[in-house]
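Okay, thanks everyone. Have a look at this one with me, and then I'll talk you through a cavity and a helix pair.

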Amino acid sequence: MPAVPAVSRSAVIAVAIFLIAHLALLIGVTTPEKFVFDEVHYVPAARQMLAPAMSQPMLNPMHPPLAKELIAASIATFGDSALGWRYPATLFGALAIVAIYLCGLALFAGQSPAIAAALIAAFNQMLYVQARIAMLDIFALGFGLLATAAFMHGFRRERPQALFAVAGSLFGLAAACKWSGLFPLGVCIVAVAVIRLMQGWHTLFADAKPDDWYRPELWPGLKLHHVALCFAVLPGMTYLAAFVPLYGLSLPDLIEAQRRIFADNTTTAIAGHTYMSAWPSWPLLARPVWFLFDKTAEDHVAAIVFLGNPLVLWPALLALAIVLRDFIVARRWDAFLIAAFYFGPWLAWALLPRTLGFIYYYLPAATAASLALVYAMRRDGLPRWLLWVYVGIAAAGFAVMLPISAAFVGTSMGSFNRLMLFQSWI
């Protein structure tokens with residue numbers, strides 16, 4: 001019986017986090033009322049989906065359709081305006097923050113650290129900026145983090161089948177927004193495969209502990225067909241379902257759509273881009289992307305710079321070193337999961353042949369880094385108030401950077417130049 005109030009309390013807190021985050025993300029979301037950065041690609045593609053008859057050629061065929069379908073549904077509901085384009089992004093940004101809270105509950109088994117993780121994720125400018133623009137990444141992030149939360153909650157359970165099935169279905173929806181949504185699904189498949197192989201080899205740790213990430217008795221009822229259903233069949237079904245409104249049940253059309261996406265996303269880019277950057281530089285915040293820079297008055301600009309909060313992402317590198325140490329040396333299961341869902345979605349980009357990369361590809365890993373920060377500051381011997389002091393520091397960094405993160409705030413050219421700390425940021 002005590003578990004029921006705990007679940008109810010968590011549900012109430014999750015709803016509160018969602019509502020507060022959603023309202024905060026909506027403030028000034030319609031500024032500017034013109035396209036920002038890659039909205040020029042995705043909004044026309046969403047408009048095309050609303051036409052009585054689909055015109056040709058299909059716009060933006062290099063990405064799956066789900067995120068564009070959600071933008072199209074919003075345009076149909078709220079009108080073909082800045083609010084219609086961007087409203088669903090604010091929903092999924094709020095869901096991503098809730099998902100980090102749910103991940104925190106699974107990892108830390110406490111409301112306070114879970115709420116702190118959600119706040120740190122919210123105070124990282126990366127999520128804030130991406131949740132206020134009609135691009136695809138926030139949709140893949142929202143679905144992917146909810147799936148990650150389900151996987152984390154199932155990881156230590158004797159019967160994880162139901163939660164793994166939820167995770168797999170949500171990962172399929174993440175991939176139906178953008179193929180990078182497959183990266184965390186790959187993390188889950190690798191993690192389950194490694195544990196099952198070690199169990200098959202009857203691996204034992206000489207000094208086995210309850211907090212080990214690997215245990216020979218883990219998931220006694222999980223069979224191969226369960227794994228295939230949760231991490232292959234269900235993701236495939238939810239992924240392909242997103243194509244049905246466009247192609248119906250035509251197998252040749254579905255296959256051709258996948259071929260086009262694969263060809264476009266595995267082609268090595270030849271031409272450069274002003275804001276391109278390589279994956280090793282993303283954690284260092286070496287090269288941001290200017291989504292918007294408009295001069296609105298003699299000495300006033302409206303700017304949206306996708307950069308990230310340095311007071312979150314630079315300390316996160318030290319926290320991740322602690323996480324890695326505890327995973328390798330202490331074999332802690334919580335450190336294992338945090339490391340897996342940070343390094344997996346980031347380092348996957350190193351395996352792709354594309355040379356054209358942007359720092360916003362780092363968004364899933366950067367958001368998961370909030371879990372590493374909470375983990376590091378909850379270590380034995382550290383005062384419990386330290387975590388909340390750090391949350392305040394992260395909030396201060398967010399406030400300082402807000403004028404270059406939200407166009408409705410704006411800033412002077414002098415303040416903008418002071419915030420551009422390095423030549424590479426310009």
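So, which helix gives the most to the lining of the largest cavity? It's α7, with seven residues. Quick housekeeping: this is a predicted model, where local features need pLDDT of at least 70, side-chain atom pairs count only at pLDDT 80 or more, and totals for chains, interfaces and linings use all residues. Numbering runs from 1 along each chain as its sequence is written, and side-chain values use heavy atoms, with hydrogens and water left out.

Back to that cavity. By cavity I mean a set of points on a 1 Å grid over the protein atoms alone where a 1.4 Å probe fits but cannot get out, and lining residues have an atom within 4 Å of a point. The largest one has a volume of about 260 Å³, volume being the space filled by probe spheres set on the points. Of its 25 lining residues, A140, L141, P184, P345 and P364 are the closest to the centre. Helices here are DSSP runs (H or I, at least four residues), and α4, α7, α9, α14 and α15 each supply at least two lining residues.

Now the pair. α3 (66-78) and α4 (82-108) pack at about 125°, axes 7 Å apart; axes are lines fitted to C-alpha atoms over the stretch in contact, and angles run from 0 to 180 degrees between N-to-C directions. In contact, meaning heavy atoms within 4.5 Å, are L70, I71, S74, I75 and F78 of α3 with L83, G84, W85, Y87, P88 and F92 of α4.

Terms used: On a 1 Å grid over the protein atoms alone, a cavity is a set of points where a 1.4 Å probe fits but cannot get out, and a pocket is an open set with protein on both sides within 12 Å along at least five of seven lines; lining residues have an atom within 4 Å of a point.
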